[in-house]
Amino acid sequence: MASAVPKVSATHLLRALQGTDICIFFQDRDLVYQWIENPVGGWEEKDLIGFSDEQVVEPELAARVIKAKKAVLKSGTNDKNEVEASGDGNIGWIDLYLECERDPNGQVQGLLCFAVDITEKKRRERNMRELLMEVSHRSRNLLAIVQSLANHSLKSEDNAVLLERFNDRLQSLASTLTVVTATDWDSASLHELIRAQIMPFLDRDSVVDITGPDVDI
């Protein structure tokens, strides 16, 4: 007869947290820490157990998280918050998931909380935004060089109209680049792109009515 497959226990799950960026802890209705598994951010059990947020974190951060936790206790609805914390000159970010813990009678006993350290993710996102801004800046500089070359090459009475149209097209391209960069190259509003592309070709007093769904592309 085949042997029974062992069930995954709470001990197994808590052991699996070791070495991850996930922390689980419980606070009672007074928001006092009762237990914690796999503390993150340099915390240890002795720093938290028996204390409230007001006693262990800076006042501004404590006020934000306490407000969010009290709202969950009052509503009974789960919530997620992105928390920015600073200490020792460093800034970190945590995704904080809040759930009401109830007894068999449905009475709220406190909060079961999951904290995920997303500091490295946020730093990568910031570095990517800075890189994209630098790419945009360099691209606009390149367009300015192209525009300067065209001005020198086409600067004559015969090419006046052609030069104006060419400059308008470059301006349209630069405006489009600005719209795309503002959304981190993720997506951009179709209406915003249309406006950016056609504005250089319109008179100052022109009015453009764009209809249809404003989808992200």
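Q: Lys-46, buried or exposed?
A: Exposed, at 61% relative accessibility. Keep in mind that this is a predicted model.

Q: Which residue does Lys-46 meet in a salt bridge at 3.5 Å, N to O?
A: That is Asp-47. Asp-47 is partly exposed, with a relative accessible area of 26%.

Q: And what does Glu-44 form a salt bridge with?
A: Lys-46 again: the closest N and O atoms of Glu-44 and Lys-46 are 3.9 Å apart. That pair counts because the cut-off is within 4 Å.

Q: How exposed is Glu-44?
A: Partly exposed, at 42% relative accessibility.

Q: Switching topic. What about Asp-53, which residue does it form a salt bridge with?
A: Lys-69. The closest N and O atoms in that pair are 2.9 Å apart.

Q: Is Asp-53 buried or exposed?
A: Buried, with a relative accessible area of 3%. Lys-69 is buried too, at 1%. Both count as buried because the limit is under 20%.

Q: Back to the earlier group. Which residues do salt bridges with shared partners join into one network?
A: Glu-44, Lys-46 and Asp-47.

Q: How many salt bridges turn up in the whole structure?
A: The search finds 7. Among them are Asp-53 with Lys-69 and Lys-46 with Asp-47.

How values were computed
Residues numbered from 1 in each chain as written. Predicted model: local features only at pLDDT ≥ 70, side-chain atom pairs only at ≥ 80, totals over all residues. Heavy atoms only, no water. Salt bridge = Lys/Arg side-chain N within 4 Å of Asp/Glu carboxyl O. Buried < 20%, exposed > 50% of the residue type's maximum accessible area, 1.4 Å probe, protein only.
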